[in-house]
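I opened my notebook today to look up a few spots in a new structure. Come along and check each one with me.

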Amino acid sequence: MRILAIGPRAYLGDIYLALRREGHEVRVHAEDPPERRAFGGIIETVPDWRAELDWVGRDGIILFERIGRGAVQEELRAQGYRVVGGSTFGDRLEAEREFGQAVLQEAGLAIAESHSFAHPSLALEWLARHPGRYVLKHDDTARTTFVGDHPEGADLAFMLRRAGDGRVLLMERLDGVEVGVGAYFDGTRFLRPACIDFEHKRFFTGEMGEMTGEMGTLAAYDGSEKLFAATLDRMAPRFAEAGHVGYVNLNLIVNERGVWPLEFTCRFGNPGFAVLAALQPDGWGDLMARMATGGTDRFNARPGWSVAIVLTVPPFPAHTEAAPPGEDPPVFFLTEPKGAELDRYHLVDVRMEDGQLLGHRRSGHLMIVTGTGATVEAAQEDARARARNVVAPELRWRADIGDRFLKGERERLRALGWLPG
């Protein structure tokens with residue numbers, strides 16, 4: 001196939017490389033300036049994606065990386081193009097926290113108590129009258145969620161005072177197992193199987209430190225159906241009405257009181273795309289064709305578990321555009337991955353110069369490595385072996401991805417009837 005990819009930067013560059021290895025033709029448009037672009041020296045980009053529409057044609061696929069371009073996607077679909085990415089409805093679900101909670105409630109799902117505010121200062125005033133532990137979420141999805149620990153909200157008050165402008169949501173902090181359910185939507189229905197995933201967002205091993213985009217994920221397609229049917233699949237009529245085409249993930253808290261949906265991700269996540277790629281034997285081209293064309297409600301998925309580990313260097317999880325190119329650290333492999341092994345090393349914010357792979361110091365977000373196995377323990381060791389194969393100055397990664405599940409979450413979900421015994 002021909003595939004035209006569009007995004008604010010080459011955010012999914014690793015998928016584009018995989019598509020090329022599968023034999024597809026790929027052209028990429030990135031909106032950021034060339035000097036700031038990820039995958040420099042690895043992926044060439046085109047300056048104007050609209051000029052490539054004749055090239056991709058109506059038999060190819062147009063892929064949008066991120067939310068915020070739903071209206072453009074719907075315009076292209078109306079013109080007969082096959083577009084994978086999302087919809088205006090998906091944009092709103094992810095970007096407008098209050099709207100997402102209202103839609104979930106309309107679908108008959110229980111939601112946590114939450115309060116939306118036009119400005120953090122208003123949330124701060126409300127917190128003074130209603131002290132407690134809450135989760136702070138921003139409508140600006142680029143901003144990190146903050147989970148309050150202080151019983152009267154003193155830590156949350158500090159974060160609100162430095163939050164800047166923009167609408168925020170304070171949500172009741174729920175105790176339980178945090179688990180996601182995700183599936184690919186083809187404009188009419190969700191493809192089966194759905195997945196379950198367990199994200200690890202804290203920076204340090206043992207769930208300590210600041211919240212990051214994500215430090216790693218445990219995922220499987222096995223055992224997802226009951227939780228999926230009770231939650232995300234109930235949203236299928238709304239996604240069909242919107243003509244949504246793309247990946248959707250719903251983050252949940254599961255406890256003895258029930259299942260509590262927290263937030264949507266209506267795009268290919270990072271490292272979410274990588275942890276699932278290891279369990280999708282037919283590749284991204286097959287999946288995108290199934291989403292874009294419909295006609296089948298299933299795709300092939302491997303049994304067992306997948307573990308993704310995020311490899312970083314400073315300043316991650318901070319970000320600075322001021323870092324000069326000379327500060328970009330070199331990245332090495334003790335054993336150079338080749339052939340099928342390339343599909344287990346997922347580059348993120350890197351570039352190539354004179355044959356040397358370099359990580360962008362601005363983000364320190366180097367790559368994701370994945371491992372699979374019939375058991376969680378086997379998948380963990382498979383992923384750790386690949387992490388140990390990577391060398392870079394000041395390299396850091398969490399070695400405990402999946403441990404929470406093994407040390408209590410699995411048994412709790414089984415006891416509540418959400419996972420098979």
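Contact here means heavy atoms within 4.5 Å. This is a predicted model, where local features need pLDDT of at least 70, side-chain atom pairs count only at pLDDT 80 or more, and totals for chains, interfaces and linings use all residues. Residues are numbered from 1 along each chain as its sequence is written, and side-chain values use heavy atoms, with hydrogens and water left out.

**Entry: Asp 139**

I first asked which residues Asp 139 touches. Not counting residues up to four places away in sequence, I found Ala 95, Glu 96, Arg 97 and Arg 167. A polar atom of the Asp 139 side chain lies 3.1 Å from the backbone nitrogen of Arg 97.

I looked up Phe 39 and saw a positive phi of about 65°, although Phe 39 is not a glycine. Is Phe 39 buried or exposed? Phe 39 is buried, with a relative accessible area of 0%; buried means under 20%, exposed over 50%, and partly exposed in between, using a 1.4 Å probe and protein chains only.

Glu 394 is not a glycine either, and has a positive phi of about 65°. Glu 394 counts as partly exposed, at 48% relative accessibility.

**Entry: cis peptide bonds**

I noted that the bond from Arg 192 to Pro 193 is cis, with omega near 5°. The bond from Phe 316 to Pro 317 is also cis, with omega near 10°.

Notes. A polar contact is a pair of N or O atoms within 3.5 Å; within protein, one must be able to donate a hydrogen and the other to accept it, and residues adjacent in sequence count only if both atoms are side-chain atoms.
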